[in-house]
Amino acid sequence: MPEIRPCKDFSFREFKFAHTMMFAIDEINRDTDILPGIKLGYKIYNDCGSTDILRAAMTLVNGLEQSKTGANCTKTQTVLAIIGHSGSTPTMSFAKIVGRFNIPVISHFATCACLSNRKEYPSFFRTIPSDYFQSRALAQLVNHFGWMWVGVLSNKNDYGINGIATFITAANEEGVCIEYSEAFESTSPYHEILRIVNIIRISTSKVIIAFMSHREIKILVDELFRQNITGLQWIGSDAWITDDSLADIHGQTLLIGSIGFAVRNAQIPGLGPFLQDVNPSQFPNGIFLKDFWEHVFDCSLSPSEIRMRCNGSENLRDVQNSFTDLTDLRFSNNIYKAVYAVAHAVNNIVSCEQKNSIPNATCLKLIEIKPWQVLNSLQSINFTTPGGENVFFDDNGDSPARYELINLQRVNKGKIEVGTIGYYDASLPKGQRFSMNDVQVVWREGKYQVPVSVCSESCPPGTRKAVQKGRPICCFDCVLCPPGEISNTTDSTDCLKCPTAQWSNTRGDSCFPKEIEFLSYFEIMGMVLALFSFLGVFFTTVIMLIFYIYRSTPIVRANNSELSFLLLFSLTLCFLCSLTFIGQPTEWSCMLRHTAFGITFVLCISCVLGKTIVVLIAFKATLPGSNVMKWFGPLQQKLCVVSFALIQVLICAFWLILAPPFPYMNMNHYQEKIILECHLGSAIGFWTVLGYIGLLAVLCFILAFLARKLPDNFNEAKFITFSMIIFCAVWITFIPAYVSSPGKFIVAVEIFAILVSSFGLLFCIFLPKCYVILLKPEMNTKKHVMAKMSNDIH
């Protein structure tokens, strides 16, 4: 290794990467199946700044110097491939330069998605997946656990900025909201760190996506620990989630429970003994190994006043540290695969019988191989490592994106202990890429309960989300669904209208059939109306019976007994027809109720009209020289009643033929229930039937009014007048009440009008007669009936 300047800090991880590369090269050189007769060489450069990186890159481009070991070997004029760097930004700085010379660069740890740009970095390859996939995997991870409100922190470099930009885009697609997004560097001033820590303190999100290196996370956690800020769930990128150096910082317990994706772990057979055999005697002039040895054994390889002299008995087999640890070889395996990729690419070129040889290429000697040929060969390699892992690159130089979901579970003796709790494979269909193991997960600060991080609590069924003005979509209020609409899922964005025949329940989370309303016999109002209807029938029957028993008495005979019995029969039908309006409307009941009502009432009014005419004609007949009664005898009276009734029958017949009433589910009057009613079919038919009844009633009222002062003992015109006043008043009042009444009340109004008008006719016309018949029999004589009339005439 060349002499290099000592760096500020010694990195065990990078030192282990270097020796893993040396092990892979040594293993290949001993393998007779790959590059037989050819030995691979290497040169390692340290990274203590961008200047050193660019100087090393230019040295490699211009050709290698003679090895300081003095080994005699045949080598190419220009390096065939470069392995490294661990960071994205340093890799970008030199990969763009060497790309112009078609020298392949294979990185084991540079994950920035920007390096997949083939126009900018035409010779770049990597054995670690691009951050494009890790960022999208992190977004799916956050969504999987319902963390809709998160904070985002990153490096202020290409790795962090590009990684977080991809994450934010993917998070928006998953419906995750970002409360804050900040970036800083390990070299940022202290006040910048304090500003970010204060943002974390006052934020409401409890989950932080930390897309940064182990250096930045150490600085941040150290300050959070100093200020006693706890209760945070960390989601880490692969740059720090498995780094053992986290165990050495203050407040390392704050990171317990952290989860994040890392490339899958692997085993490298033979690497353990190789690392344990590392000794300063292997590279006497190597400053790397000297610093490492003195740091591990706390002794000095050269005379020193600070440390005691190393005695030569030190051995790495007796040491347990991150360098000798073989439990986590995720990134060391990437170095191992990178070296093998170069070896297979060169082998494809020098071997004519290789199946994966470059098309149209001829067999070349090692001295004749050019970097661009290795570059082309790398694009087509597909091999399996001694550990059984398949290696290939896509068109952008990327490796397959396969991750393990890592859970940082505890810190023990300067080492972090992690567990694999899930997997992510970008090659699978979208819904199958992320999966969880059935294992116990340790969450923030060692707890076993999944943390919650939302801007607003979930909206329960029966409500919908209403975004708060000026805030992200994850911040919302829960608004109750309006009547008739429901939401049956949590966090519903809209309420769904119930089907036409259904309505929402009180919770607003389900629809149920609407209540069907009609005037039923089983409700109080229906029972009361039916009771009065039967009372009307009962009273009518009783009066009819009284009239039949006393049919030969003067007061019954004087008032036209035949019309009286017909009127009583008509009133009985009127009371009974009100029952057709109660109960669930059917096709037949709808047709029956209106036609029966119309015909029976016309029959009733016709009888009253006949009795009124008889009163007037009978009075005229008592005058000297009058002969009118012969023109309006019993036969004419019956024909008059039948004629009036027949007209109504014809009107009803036309109504039923042209547009009959029918059952109708009225869903417009009430939103929450259905009114089951009888649709008129033809409004003209209904109002014609009603109008005809009204016409006869008015005519009857006028005639009765004209006859009201005739002899009291002889006629009943006065009582007919009272009955017609009640009848007309009821039906005039009925019209606005009918039009304005809702639902079943419109039927109740109609029944009420039928019953009141029927009772009015019954009591006004027949009650006075029954009073005389039963209680004043002395007045029920021919002499008494005729006496008053004679006195009035003379």
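Which strand pairs with strand 8 (residues 259-263), and over how many bridges? Strand 11 (residues 402-412) does, in the antiparallel sense, over five bridges. Within that pair, Val263 stands opposite Tyr403 of strand 11.

Some ground rules. This is a predicted model: local features need pLDDT of at least 70, side-chain atom pairs count only at pLDDT 80 or more, and totals for chains, interfaces and linings use all residues. Residues are numbered from 1 along each chain as its sequence is written, and side-chain values use heavy atoms, with hydrogens and water left out. Helices (H or I, at least four residues) and strands (E, at least two) are DSSP runs, numbered from the N terminus. Two strands pair if DSSP finds at least two bridges between them.

On to the cores. A nonpolar core is a set of buried Ala, Val, Leu, Ile, Met, Phe, Trp, Tyr and Cys residues joined through side-chain atoms within 4.5 Å. Buried means under 20% relative accessible area, with a 1.4 Å probe and protein chains only. The largest core has 70 residues. Phe597 and Trp731 are among those with the most contacts inside it. Helix 19 (744-775) is one of the helices that supply at least two residues. Helix 19 gives the most, with 16 residues. Apart from this core lies another, of 56 residues, including Ala18 and Phe323.

Conventions: Buried < 20%, exposed > 50% of the residue type's maximum accessible area, 1.4 Å probe, protein only.
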